[in-house]
Structure formats: structure tokens, C-alpha cells
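Open the model in your viewer and keep the selection panel at hand. The tour goes stop by stop.

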Amino acid sequence: MTKLPPERAEAGFNDYKPAYSTAQALAEANRCLYCVDAPCVQHCPTAIDIPEFIRKISTGNTEGAARTIFSANILGMSCARVCPVEVLCAGACVYNEMDAPPIEIGKLQRYATDAAFLADWQFFTAGPDTGKSVGILGGGPAALAAAHELRRFGHAVTIYDAGGILGGLNTTGVAPYKMRADRALDEVEWVLQIGGVEVVSGVEVGRDLSFAELQQRHQALVIAVGLGEDRMLDIPGKELAGIHGAVAFIREFKLGQVDLSHVRQAAVLGGGNTAIDAVRELVGLGVPEVTMVYRGSEAQMSGYVHEWKAAKVDGVRASWRSQPLAYHSANGADGKVGGVLCARLGDDRRPIAGSEVEVPAQLVLLAIGQSRLGAFAAALPGVQVEDGRIVVDAEGATGRPGVYAAGDCANGGKEVVNAAAEGKRAAQAIDRLLAAGGNQ
Amino acid sequence: MSTLIRPRLGASVVPDLTSNTGGIVTPNPFWLASAPPTNSGGQIMRAFDAGWGGAVWKTLGTPIQNVSSRFGAMNYKGTRAIGFNNIELITDRPIETNLREIYEVKKRYPKHGIIVSLMVETREEWQDLIKRAIDAGADGLELNFGCPHGMCERGMGSAVGQEPSLNERITSWAVEYSTVPVLVKLTPNVDEIGPHGLAAQAGGAHGVSLINTIKSIIGVDIERKVLEPRVGGMSTNGGYCGPAVKPIALHMIASLARDPQFKLPISGIGGVSNWRDAVEFILLGCSSVQVCTEVMLRGFRVVEDMTEGLTQYMRDNGYQNLDAMRGKAVPSYSEWGELDLNYETIAKIDPLKCIGCHNCVVACHDGAHQCIHPDPGGKTRVPVVDESECVGCNLCQIVCPVPDCITMVEVPNGLPPATWNQHVAEGAPLRAKKGVH
């Protein structure tokens with residue numbers, strides 16, 4: 001397994017939602033109403049039996065609580081930290097209906113799953129060898145969830161990971177005040193303890209290995225390659241130094257160091273959750289002035305309201321209805337970006353003449369989306385790709401028998417918990433297919 | 001608990017909280033029970049400063065040696081000590097020290113009530129100790145016939161309280177020697193309280209106080225496999241008290257209060273934790289209430305809310321003094337056979353208050369009569385009550401976390417009242433049974 005450098009820029013971040021002490025966890029667990037057909041469960045993509053695990057915490061059965069969580073979602077440790085519970089389980093808590101604070105489900109889940117990691121409780125063993133083999137393309141949350149579930153059924157699993165580090169965006173993309181990279185790798189290791197998962201790293205399908213070869217080796221395949229590179233803007237000045245894709249930049253400082261000593265002002269272009277992460281992270285990394293530049297209004301942001309509120313508390317500024325026109329160098333010809341020239345957009349979303357303003361920035365991050373990687377799959381007969389996404393049915397099956405897809409490459413970019421749910425669901429569908437003798 | 005706003009019947013009236021229990025007069029009905037909080041004069045003076053009306057001094061007797069540890073508690077869902085027990089005995093301080101402190105406290109707090117609890121064996125000992133307690137300034141005596149642990153093994157405490165003839169005999173000695181009112185503290189560790197209250201009455205007592213603690217094992221240390229509270233590798237049964245015992249106390253007090261032969265004033269004890277509890281005890285016939293556990297857990301300061309809450313309750317209900325409210329709920333205590341079988345209620349769920357937890361659904365399905373169901377249309381989380389099957393059992397209302405969301409409403413079924421006794425004797429017609437599918 002890849003080792004992270006000990007000195008990483010992300011290490012300086014504190015937990016935005018600190019871990020519960022036992023006393024805090026018990027007090028919160030005892031507040032849970034133990035609902036029936038609970039709305040929180042219905043709003044969890046992996047349908048964790050939340051009232052049950054919370055009840056177990058309240059009785060001191062922390063191991064049982066962890067078992068309940070991991071039985072539904074093997075990535076329950078990272079989901080406890082990174083899930084936007086405000087819009088999922090906790091957002092559905094019935095306490096909201098009486099204007100009382102909802103149960104802190106994420107923090108309780110973290111309490112139980114951290115305890116499991118600390119004590120190294122093992123809940124799962126690989127099933128008896130079926131003689132079948134499944135190849136998984138990608139090493140992120142969807143791939144890991146699928147691999148673990150397939151091993152429980154007894155199928156052999158090989159993960160083909162293009163990058164050198166497992167865990168996907170859990171390792172390289174999660175805001176460090178939610179989870180740091182080393183914790184994501186702890187989880188990878190913990191998941192793979194079930195045994196029997198072969199990891200082939202640095203292999204890109206289509207370049208190093210053909211799809212036909214893969215299909216010969218395995219009875220089924222799961223495509224879980226995630227999303228591609230950050231999209232960049234094709235505007236004047238794009239060649240200047242200091243302009244980066246947000247996902248790439250985040251990866252860089254999570255896995256190592258970044259030098260921001262020259263950056264007094266930074267601009268992040270975009271209005272989604274990656275943009276919000278990026279602005280908060282830049283503040284955390286010590287950039288004195290961080291501005292989010294977004295084409296729409298505050299109300300039109302696709303990022304979560306609760307995340308943006310936290311960014312505002314951090315002191316982030318925003319330039320709404322602003323369209324970048326060009327990057328400028330601060331002092332002529334040093335080749336470094338010094339600002340972003342923006343036009344204000346009218347109600348018709350067209351630039352208002354004469355409204356141009358300069359947002360000073362010695363660092364510009366673009367968080368306007370990532371390219372979609374599904375294109376390579378379009379070459380496969382039977383596999384449909386729409387808008388860069390691999391088209392799948394409710395079980396994750398593509399139109400090609402034995403080929404499934406899960407996670408961002410199929411859903412276009414959602415939460416870790418969605419990837420975990422889709423990976424597991426695809427694994428279950430593959431097991432049914434293989435058990436029925438399909439795709440021999 | 002929802003805030004009830006009632007018209008104040010006597011807004012200008014300042015209720016008088018003065019309490020008289022068999023001649024023991026205190027500024028309010030809140031007494032500290034004979035227990036660790038009344039172990040010393042220093043404690044009792046601080047309690048009086050905090051607002052307590054009286055204190056029953058920790059039982060005097062031949063000084064004993066106590067064990068460690070002494071207390072155990074039952075916790076539930078994060079609430080500490082809803083039940084409590086102890087294996088502590090009577091005072092372990094020299095009698096002379098206690099008597100000197102009684103004298104000092106009484107001198108400094110002449111208007112407060114000092115009731116001295118006593119427990120000795122022989123007639124001579126009773127005579128001697130009663131005289132010394134009264135000489136020290138006791139306003140009343142309480143005979144400890146209730147302690148269910150330790151002392152009963154030596155033929156005292158509940159060993160006396162469980163035997164009506166012994167109770168009557170020792171009571172009569174005490175009354176003979178005493179020049180101040182004598183209360184007999186009764187043990188709940190009996191099948192019916194009636195004969196024991198009547199024994200105290202026959203012995204000439206001026207009042208009774210009940211309940212003493214209930215024989216109990218508070219818990220087992222599941223790691224060490226030893227009872228709690230643990231004394232080395234062993235333990236023993238203790239006396240159970242705290243909020244969890246209130247229903248038992250209420251029953252025993254009401255049983256005496258409704259007994260036409262029983263005429264004595266009652267000082268109520270058993271899980272009184274706040275003014276609401278005190279109101280319940282007084283409505284069931286108590287002239288004063290005694291508190292221990294709540295003070296042990298939270299201190300003397302809890303009396304402020306007790307007196308304030310009781311005062312407001314009396315004002316809201318137009319009671320000028322305790323006599324006006326005492327026993328008001330006693331007539332409602334009846335035999336089952338006298339209950340109106342034709343009285344019918346059903347559950348109503350307020351859809352605007354319902355938060356959709358479905359706890360009523362599962363309680364009704366698994367624990368009652370399967371008549372509350374999820375919204376059949378699935379459009380809302382508000383359950384529906386099948387009124388044709390609802391037996392009006394209250395379980396849904398009990399589990400509902402939202403105040404006043406589920407109410408039990410009367411169904412005017414047009415039938416005249418009919419009790420089981422009337423039905424058996426006169427064939428009074430009963431309504432059709434529900435929930436018997």
C-alpha cells in the first residue's frame with residue numbers, strides 16, 4: 001500500500017465536527033426516538049438501520065452498533081465523516097418536525113466506527129471460493145464496496161487502479177477538516193482485510209490492458225473509474241502559472257505540500273461543493289483573502305447551503321453573477337496569474353456591458369466540473385454512454401451482459417455514500433448473475 | 001410537560017403553606033426524611049436556610065458501624081438514578097453529639113419542625129431516648145419501624161413494622177413516654193398496609209409516615225458477578241427509593257386514606273422529587289411530604305421550586321391552605337368492579353403536531369391492539385387510528401414524544417354507565433367489546 005509523506009499540508013486542519021467522547025455519544029444516543037420505518041433510514045442511500053445502531057450505542061453495545069453500520073455500508077467510517085447528513089439522514093430526522101435539533105447521526109456513526117477500527121473488530125469473512133472472478137476498474141469507494149461484497153460471496157476479485165493510491169476521492173479529494181488522507185487509507189486497509197482482493201496498480205484500461213483481455217480473465221466487470229480531470233476555461237491568459245483545477249490542487253495538498261507563500265488573494269471559480277471545499281481549504285491553508293466567483297446568484301449555487309454557511313463563517317467572499325473573461329498577469333510579463341477579469345451577468349445571463357471588474361488572485365482554482373470518463377466504455381458494444389455517463393439500470397448493469405458500472409462514472413458525481421450503495425448493489429447483482437450460471 | 005395556563009381562581013389570594021401533621025406544625029409541608037441529608041445539625045440548618053419546613057433527624061439509636069460502599073442506583077436511558085437504594089444503617093454518630101446538635105438547631109430555628117427518628121430495642125431504651133430527644137427540643141418523634149436492611153436482622157426496623165402487635169405495643173410505649181406527637185414510620189414490605197396503619201393508630205400514634213424503603217437488590221455488577229452496592233466481594237439487599245417507587249407509595253398512602261377506620265394524619269414519603277409529586281401526595285391525603293433521594297442527588301436547593309410550584313398550584317386551583325386540597329383525589333380511588341365499563345375513549349392523533357416517528361404504530365401493533373396503522377396512502381407519516389378497534393388503552397399516548405399530540409377523547413356511545421358489579425348483580429347492559437378480533 002502506498003505510504004503518504006509524513007509532512008502533508010492537510011495535517012494542519014482540525015476536524016470541523018470533532019469526535020464524540022463516550023459521555024457525549026451516550027447523551028446523544030439516548031435522545032434518539034428509535035423511530036419505526038425511520039425517515040433517516042429511508043434517506044440513507046445505503047439504508048443503514050440508524051435507530052438500531054444508535055440504540056446499541058446507548059446500551060454500551062458499541063461493537064453491535066458498528067456491526068449494524070458496516071453490514072449495510074462497509075465504508076461506514078468514511079461516510080460518518082463525509083456524508084452531508086444535513087440533507088440525508090439527519091435532515092430527515094423527525095426532531096426537525098418539532099423544531100428540535102436532529103440527532104447527530106454522523107457523529108454517532110463516527111463514534112461506533114472509529115471504535116471498531118481502534119479495536120480492530122472484524123465482522124466479515126470471505127465466502128467459500130466460487131471459482132468465479134470479477135474485475136473491478138477503479139479503486140475508489142464504489143470499487144471497494146463492490147470488492148468487499150463480492151468477496152463475501154466468495155468470488156475472486158481483482159482491482160485495476162490507474163492511479164498509485166487507493167480510496168479514490170476519499171483519499172485525494174475529501175476536505176481535510178472532514179477526513180484526512182491517512183484515515184481514508186486506514187479504511188482501504190480495513191476493507192481489504194477480508195482478503196482475496198488482488199490490487200493491480202498503475203494500470204489503465206485501454207492503454208495497458210484491453211477490455212477484451214479483461215473480459216477473458218473475469219466472468220464479470222465493474223467499471224468504477226470515477227471522474228476525470230478538472231474542466232478548465234478556454235479564455236485568454238489560460239497559460240499563466242497559478243491556474244489549477246480544484247480537484248488536482250486538493251489532491252496535491254492532501255498528499256503533500258503546496259507553497260502558498262506568495263498568495264495573498266485566491267479565486268475559486270464555481271458554485272458547487274468542490275468550489276466550497278476549495279475556498280474553505282484555502283482559508284485553512286492560510287490564504288488571507290479568498291473569493292468564490294460564480295456565474296449565478298447565491299440562491300442558485302449547487303453546493304449545499306450548510307457548507308456555504310460554514311464557508312461564510314470562515315470569512316470567504318463571493319462574487320456572484322460573475323463570468324470570467326480573462327486571466328491577467330499582475331505585472332506584465334512574469335508569466336504568473338494576478339487576477340481574473342470578470343463580467344457581471346444580467347438576468348438574461350448575458351454579460352452587462354461595462355461591468356467588468358478584476359478579482360485579484362495570485363492563485364486561481366477551477367471547480368466547474370470534471371470531465372467524464374465514460375467515453376472509453378462507449379467503444380464496447382452494448383454499453384451506452386450518455387453525456388459522458390455510463391448508462392446503467394437499477395442494479396448497475398450496463399447493456400452489455402456481465403459489465404456493470406457504479407459510482408461517479410455512472411451517476412455523474414455524487415456522494416461517497418451513493419458510490420458505496422451502487423458498488424454493493426452491483427456486486428449483489430453480479431452474484432445473482434454468476435450463481436445463475438450467467439456470462440460463462 | 002406542556003404548560004397549562006388556567007384562569008387563576010384566586011389571583012389575589014396568597015395560599016398558606018403551613019402544615020400540621022398530628023400536631024407537628026411546620027411553615028411548609030416539605031420535610032427532609034430521616035436519611036443521610038439529616039445526619040447532622042450543620043446539614044439541617046443549611047436545609048432550613050434553603051427553605052425546608054421540617055427535618056426528620058437521622059435515626060438515633062445505639063450507634064452502629066457502617067460499610068462502604070452504601071448506595072446503588074438504577075439508571076435508565078441516560079437518566080441517572082431513577083431508582084436508588086442504600087444499605088446504610090441508622091446514625092453512626094454518638095447520641096450525645098446528635099442531641100447537642102438538635103438542641104442548637106432548635107434554638108436557632110424555633111419555627112421549623114425537628115422530628116427525631118428513633119430506633120432502639122427495649123422498653124427502657126425507648127423511655128430513655130424519648131426523654132432525651134424531647135429534652136433536646138424535638139417537636140415530634142418518628143418511630144422507625146421501616147428500615148428493611150441490616151437493623152431488621154437485629155429485630156428492629158421493618159421487623160417491628162411487619163408485625164402489627166409489636167408495632168402497636170412499642171407505639172403505645174412511645175406515646176406513654178412522649179410529650180410531643182409521635183409518628184410511626186411504616187414499611188412497605190407487607191402485603192396490605194391497612195393492618196399496620198391501624199396498629200399504629202391502636203397504639204395511640206398521632207400520625208404515620210410512609211413509605212419507608214422497599215427491600216431490593218439494585219443491580220448486579222455483570223463484570224464482577226457481584227450484587228451492588230459492592231462491599232468487597234459481597235453485598236446485601238438494600239432499601240429502594242427514588243422516583244421509581246412513587247407509584248407504590250401513592251398506593252399505600254391512598255389505601256390508608258380511603259380506609260374509613262383509619263383516622264391518622266399522614267406524612268407522605270416515596271419518590272417525591274418535585275412540587276407535582278408533592279401535590280399528588282397531598283391530594284391523596286398527606287399533611288406533609290418527606291424527601292430524601294432528590295436532595296441526596298441534587299441538594300437542598302430543590303425546595304425552592306417545590307414551594308413555589310405548590311404555591312402556584314394552590315393559587316391556580318383556589319386552595320387557600322393545605323386542608324382545602326388534602327385528600328381531594330381520594331374519592332376517585334375505587335374498586336375495579338365499580339368502574340364504568342361503558343365509558344369509552346379512543347385515541348386521536350393531531351396531524352399538525354405529529355412528527356412521524358411511528359412509535360405509536362409499533363407500540364399498538366406489538367404491545368396493544370393493532371389498531372394504529374401507517375398512513376395507508378403512504379403520503380404522510382401521520383398514522384391513522386382504526387377507531388372501530390381502538391380500546392382506549394393509552395399506550396400510544398404514553399409512547400408519543402410530542403406533548404398533546406395524541407389525546408384520548410371520549411366517545412358518546414349513548415349507553416348508561418354500567419359497572420361490572422352492576423352487570424353481575426342486575427344484568428346492566430355493557431357495550432360491545434372492541435379489539436377482540
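Begin at B:S178 in chain B. Leaving out residues up to four places away in sequence, B:S178 touches B:I130, B:I134 and B:L141. Contact here means that the C-beta atoms of two residues, placed from the backbone, lie within 7 Å.

Some ground rules. This is a predicted model; local features need pLDDT of at least 70, side-chain atom pairs count only at pLDDT 80 or more, and totals for chains, interfaces and linings use all residues. Residues are numbered from 1 along each chain as its sequence is written, while chains are lettered from A and ligands numbered from 1 in the order in which they are written.

Stay on B:S178. Is it buried or exposed? B:S178 counts as buried because it has 22 C-beta neighbours inside 10 Å.

Now look at where B:S178 sits: in the loop between α5 (164-177) and β9 of chain B. Helices (H or I, at least four residues) and strands (E, at least two) are DSSP runs, numbered from the N terminus.

Next, select β9 (182-185) and β10 (207-210) of chain B. These strands pair in the parallel sense over 3 bridges; pairing requires at least two DSSP bridges. B:V184 has B:V208 in β10(B) as its bridge partner.

Keep β10(B). Side chains in a regular strand alternate between the two faces of the sheet. In β10(B), B:G207 and B:S209 on one side and B:V208 and B:L210 on the other are all buried. Strand β15 (266-269) of chain B also pairs with β10(B), parallel, over 3 bridges. There, B:I266 is the bridge partner of B:V208.

Jump to chain A. Which strands form the open sheet? The order is β3-β2-β1-β4-β17, with parallel pairing. β3 (197-201) and β17 (403-405) of chain A stand at the edges with a single partner strand each, so one side of each lacks a neighbour in the sheet.

Last stop: β2 (156-161) of chain A. 5 bridges join β2(A) to β3(A). A:T158 stands opposite A:E198 in β3(A).

Key. Buried ≥ 20, exposed ≤ 12 C-beta atoms within 10 Å, placed from the backbone.
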